[in-house]
Amino acid sequence: MITFEHVEKRYPDGTVAIGDLSFTAATGQLTTLVGPSGCGKTTSLRMINRLIQPTGGRILLDGEPTLDMDLITLRRRIGYVIQHVGLFPHRTVADNVATTARLAGIGKRAARTRATELLERVGLAPELAARYPWQLSGGQQQRVGVARALAADPDVLLMDEPFSAVDPVVRAQLQQQFLQLQRELGKTIVMVTHDIDEALTMGDRIAVFRTGGDLVRFAPPEELLREPGDRFVADFVGGDRGYRGLGFVHARSLTIDDEEALVVGAERAAGEAGWRPVVDAAGIPLGWSGPGEAGPVLAEQITVTSTPARRDDSLRRLLNAGLSAPDGRGIVVDGDGRYAGTVALAEITGALVRERGAAEPA
Ligand code: ADP
Ligand code: MG
């Protein structure tokens, strides 16, 4: 748990980066700090590991003022990931990660084992371990940065725009993999971003800042989307927040039609009306076979438009599955990504109305 108590940061030139900031980042949760450029996000983050000294108030780590703690001990408990990862250029990927573990007092052999393990956990192929940072893509370097920050097994992870330097596709992958990792690790994380979508995707709680380190809102994402509270937050969250809010709503009940799918290569009977879902030999959905198509279902004839969703996915994903399918039935998959059936768009919108109603304050 990280607690800000009336924290102030006035830079020597008189700039008040943070006026009077109080909030608590809960243990085991991911808290995102979001707001326009220059609003004091980085300053707030760097005051946690004392890279920057507050000029007023105090910050506590699990109830203990950080100022009372030995700086080395404090830093060991806190991993730090920045945008341009700052890897050691003359050390291999494995050494970059192992170095942090070594600094935390872990033996040479154990540090190497740990490095290998962590590189795998962040999704890097083992053969990359022997490369140098410049031989990696931006996204891969960012993964190494995360592995390195985790190598000393800190309780706390601070991340400053960790995924901002990579393209949107890679960023989305990194976000999802990192969330998966966090589900396993349960670290206390404070993450800075200027991107509200990233803040909403990643955060258990979101702190929305205005210039001067002014905390205008501190809430879970679904609440922020449902009730922004004021104009600044509403504008910042954006006009399509109603739609995005569905990303946090799940259907408690949904009728799935377990209609049979066609396996690619199999014969489709002549004279059959309607679209039929098509799967590969392993049951992974490939798309749809169009109305009136007959004979063997050829891979190149499949209409590949649908994005499957799981039955327990958010209504946003289910709605997307329904809307991206050719005739208003979304493909539903099980946890392994195998075909489980279809769901009618009307069923999804029905669930949407029910769940929205349930979420409204009485
Ligand atoms: P953010 O990360 O939200 O973009 P920062 O925390 O980096 O914002 O900066 C907050 C404010 O403090 C900005 O006005 C910035 O110009 C100012 N600032 C940051 N570092 C210094 C510094 N070393 N000296 C003076 N002003 C600074
Ligand atoms: Mg910043």
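**Figure 1. Valine 263 and its bridge partner in S13.** Valine 263 is bridged to valine 279 of S13 in this predicted model. Strand S11 (262-263) and strand S13 (residues 276-279) run parallel and are joined by two bridges; strands here are DSSP runs of E with at least two residues, helices are runs of H or I with at least four, and both are numbered from the N terminus. Two strands count as paired if DSSP finds at least two bridges between them. In general, strands of a sheet pair through backbone hydrogen bonds, either parallel or antiparallel.

**Figure 2. The open sheet around S13.** Three strands make up this open sheet, in the order S11-S13-S14 and with mixed pairing. S11 and strand S14 (285-289) are the edge strands, each pairing on one side only.

Figure 3. Among the buried ones are Gly139, Gln142, Arg143 and Leu150. The buried residues of H5 pack against strand S6 (78-81), helix H3 (93-103), helix H4 (108-121), strand S7 (156-160) and helix H6 (168-185), with contact meaning heavy atoms within 4.5 Å.

**Figure 4. Arginine 183 on helix H6.** Arginine 183 belongs to helix H6. With a relative accessible area of 58%, arginine 183 counts as exposed. Glutamine 29 is 154 residues away from arginine 183 in sequence, yet the C-alpha to C-alpha distance is 9.6 Å.

**Figure 5. Zooming out to the protein chain.** Twelve helices and 18 strands make up the secondary structure, and the C-alpha trace spans about 80 × 55 × 30 Å along its principal axes. Of the 362 residues, 46% are buried. Among contacts with a separation of 6 or more, 62% are between residues 24 or more positions apart.

**Notes on the model.** Residues are numbered from 1 along each chain as its sequence is written, while chains are lettered from A and ligands numbered from 1 in the order in which they are written. Local features need pLDDT of at least 70, side-chain atom pairs count only at pLDDT 80 or more, totals for chains, interfaces and linings use all residues, and side-chain values use heavy atoms, leaving out hydrogens and water.

Definitions and conventions
Buried means under 20% relative accessible area, exposed over 50%, partly exposed in between (1.4 Å probe, protein chains only).
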